[in-house]
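Good morning, and thank you for coming. Please look at the sequence and the structure on the screen while I go through a few points.

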Amino acid sequence: MNSDQRSGSGLTITAAAGPGGVVLVASGALDYHSSEHFAAAVNQAFAGGAAELVADLSGLAYCDSSGVAALVRAHKQALREGRRFVVRNPDTTLSRVLALTGLDSVLTIEH
């Protein structure tokens, strides 16, 4: 996968090949309206053979519970398929939500 940009429901995702896998750079809102768009990008990256998928969330303006659930689903999919899923650069609010829910000890998070 070279570079691919998708947009829909307030979320823009740019996918690019990274070392050992794919980096999805998300910007906008990861919420009820866009979580399926995010899931489709995750599925495409894994279908392309990515051993590691990094979701760079530094451009997110908003993430609701549906967005958090989408991150958990991507993590579970990676585990089932013997791959690695990394959440990179969540903002302070999302980091706090992940900590309060205990997901910071479940998900691989890079700041």
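Helix 1 and helix 2 cross in a right-handed manner. A crossing is called right-handed if the near helix is turned clockwise from the far one by less than a right angle, and left-handed if anticlockwise. This is a predicted model, in which local features need pLDDT of at least 70, side-chain atom pairs count only at pLDDT 80 or more, and totals for chains, interfaces and linings use all residues. Residues are numbered from 1 along each chain as its sequence is written, and side-chain values use heavy atoms, with hydrogens and water left out.

I begin with the geometry of the pair. Helix 1 covers residues 35–47 and helix 2 covers residues 65–80; they pack at an angle of about 20°, with their axes 9 Å apart. Helix 1 is therefore roughly parallel to helix 2, a term for angles under 35 degrees. The axes are lines fitted to C-alpha atoms over the stretch in contact, and the angles run from 0 to 180 degrees between N-to-C directions. Helices (H or I, at least four residues) and strands (E, at least two) are DSSP runs, numbered from the N terminus.

Which residues of the two helices meet? From helix 1 come Ser35, Glu36, Phe38, Val42, Asn43 and Phe46, and from helix 2 come Ser66, Ala70, Leu71, Arg73, Ala74, Gln77 and Ala78. By type, the residues of this contact comprise seven nonpolar, four polar and two charged. Contact here means heavy atoms within 4.5 Å.

Within helix 1, the buried residues include Phe38, Val42 and Phe46. Buried means under 20% relative accessible area, exposed over 50%, and partly exposed in between, with a 1.4 Å probe and protein chains only. After helix 1 comes Gly49, whose phi is positive, near 95°.

Leaving aside residues up to four places away in sequence, Ser66 touches Asp31, Tyr32, Ser35 and Arg73.

Finally, I turn to a strand. Gly59 lies in strand 4, residues 52–63, and is partly exposed, with a relative accessible area of 33%. Although Gly59 and Ala26 are 33 residues apart in sequence, their C-alpha atoms are 5.9 Å apart in space. Gly59 touches Ala26, Ser27 and Gly28, again not counting residues up to four places away in sequence.

Notes:
Parallel < 35°, antiparallel > 145°, perpendicular 65-115°, else oblique. Nonpolar A, V, L, I, M, F, W, Y, C, P; charged D, E, K, R; others polar.
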